[in-house]
Amino acid sequence: MQQASAYEDFELEVGGGTVRLRRSPAGEVRPVPFQIPYDQEQHDALRSVLERAARAARSYAAPVAMPSLDDPQQIGQKLFEALFPSDIRKLYDVSRALIRDRGKGGLRIKLRLAEDVERLPWELLYDPLDDYLALVSHLSLVRYLEVAMPSNKLTVDGPLRVLLVAGWPGEPNDPLKLDLADEIAEIQKALQGPVSKGRVFVDVLERATLEDLFKRQRTDPFHIVHYLGHGEAPSDGAPARLLFHDRSGNRAEVDIDTVRRTLRNSEALRLVWLNSCSGSVGAEGALYGALASAAARFVASGVPAVLANQVRISDLAARELSRAFYTNLADGMPIDVALAEARAEVSVIYLNSLEWATPVLYMRAPDGVLFALPNAEPAVTTPAVTAPSPAQGGGSQPASASPPPNDPSLRRLQEQQLSVLKKRLYQRQLQKAQYGISVDPSVVIEIEDLEHQIADLEQQMGLR
């Protein structure tokens, strides 16, 4: 598990033509100029690629021609180079080195975004010497809001309560109709362990109306409200909407601000996930969807954290993201770390898709911790393999860091870590095989690094 305290902040403030590093393990720098590094034509092309990726991922039935990822990677690199000019890049590299030397934890990249840059696809930030930041191990990426109001107390009374809200799945004969029952079953399966221990309680609001949601949250409050269903983009002056049922069981369109007003006064609420599987476009055809834009307003009105989608997402990818996210959250990870690990897993499952970048996370919890489960097992981190000091009687050989034989929680963590590393290695090996001698050198470097990490971890586990 990843401890919140083991993650340090790399906090960037962007807007008004400048970027400023406010905080990092390596220090701060004064504001430097920032300019959006690509034009509207490239922006539109990026949206087209992401939309086609979602459509292509809707079915396992037959192989599909995936869209080219060149444009998103190029845009992500331009955005990274604009956000990390030389002085900030140096402190970023030093901060990463400090984290690596520590042997645990990671770096939390917090983006404080002004209105003029809020709609940029920050989740696609791409470091040409590494990878998409959202997929780099021991990094998390959040859009951070500092709200002038006290945070809700962290420890929940009794089990963590999760309400799955089944909205409108689509018309009966619609090929894009969502299988909400299957997605809900995956989430319930992911939480089966902590549910059986009494740490988590999951309930489902079937064929939900807005009135149902209001009454349930008011009389029987939940800590997490997860909406599943379709959404509608703003049109003809109308705001973005989520689709519920009406009292007769028919489709009901509810504007996003009404949903926000329905939920914002709940003191118990920690997280809202607007998992609408039909995305919505923001102003002037921007990539950044109106549902994601609404996430910031939810947080500003008092909700500690909100997840929403930038563009439409396939129901298959939404299902995998939900399953992985809740599994990680139930293991005690901070919310941003749980999402980062879920993104990495989805990137492996859908190798040529960018749907891992679709969720946007806004939060105001400084360390990503929204709740502490009662009687939860303490979070642990995998110990680093370090050389013993002369006082320990060691030479130049690394010390054994095998887990204590009676520590099943650490063993489970190591097995999960090993699985993620092997999946990531397989993904990079596929890239190398596909491009041959023309493969990016960073891919070769990462393969070597992953092989070393796997070997070290297997040694700790006594597998070598």
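Which helix holds both Glu211 and Lys215, and how many residues apart are they?

Some housekeeping before that. This is a predicted model, so to speak of local features we need pLDDT of at least 70, and side-chain atom pairs count only at pLDDT 80 or more, while totals for chains, interfaces and linings use all residues. Residues are numbered from 1 along each chain as its sequence is written, and side-chain values use heavy atoms, with hydrogens and water left out.

Okay, the overall picture. The chain has 12 helices and 14 strands; those are DSSP runs numbered from the N terminus, with helices being H or I of at least four residues and strands being E of at least two. Of its 464 residues, 53% count as buried. Buried here is under 20% relative accessible area, exposed is over 50%, and partly exposed is in between, with a 1.4 Å probe and protein chains only. If you take contacts, meaning heavy atoms within 4.5 Å, between residues at least 6 apart in sequence, 75% of them join residues at least 24 apart. The accessible surface is about 20,500 Å², and 50% of that belongs to carbon and sulfur atoms. That area is from the Shrake-Rupley method with a 1.4 Å probe, and for residues only the protein chains shown count as cover.

Now, inside. A nonpolar core is a set of buried Ala, Val, Leu, Ile, Met, Phe, Trp, Tyr and Cys residues joined through side-chain atoms within 4.5 Å. The largest one has 84 residues, and Trp122 and Phe325 have the most contacts inside it. Helix H9, residues 315–330, gives this core its largest share, nine residues. Have a look at Phe325: leaving out residues up to four places away in sequence, it touches Leu271, Trp273, Leu307, Ile335, Ala338, Leu339 and Ala342. There's also a second, separate core of 29 residues, with Leu163, Leu263, Ala295 and Tyr362 among them.

On to charges. Side chains of opposite charge can pair when their charged atoms come close. For us a salt bridge is a side-chain nitrogen of Lys or Arg within 4 Å of a carboxyl oxygen of Asp or Glu, and the whole structure has 26 of them. Take Arg23 and Glu11, whose closest N and O atoms are 3.6 Å apart. Arg23 sits in strand S2 (18–23) and Glu11 in strand S1 (7–15), so this pair ties together parts 12 residues apart in sequence. Arg23 is partly exposed at 41%, whereas Glu11 is buried at 1%. Then there's Glu13 with Arg20, at 4.0 Å from N to O; Glu13 is partly exposed at 31%, and so is Arg20 at 35%.

Back to my opening pair. Glu211 and Lys215 are both in helix H6, residues 210–219, four residues apart, which is about one turn of the helix. Their side chains form a salt bridge at 2.9 Å, N to O. Glu211 comes out partly exposed at 31%, and Lys215 is partly exposed too, at 46%. Elsewhere, salt bridges with shared partners join Asp9, Glu11, Glu13, Arg20, Arg22, Arg23, Arg108, Lys110, Arg112 and Asp336 into one network.

His138 isn't a glycine, yet it has a positive phi of about 65°; it's in the loop between strands S4 (106–113) and S5 (139–144). Arg207, also not a glycine, has a positive phi of about 45°. Arg207 is in the loop between strand S7 (200–205) and H6, and it's exposed at 53%.
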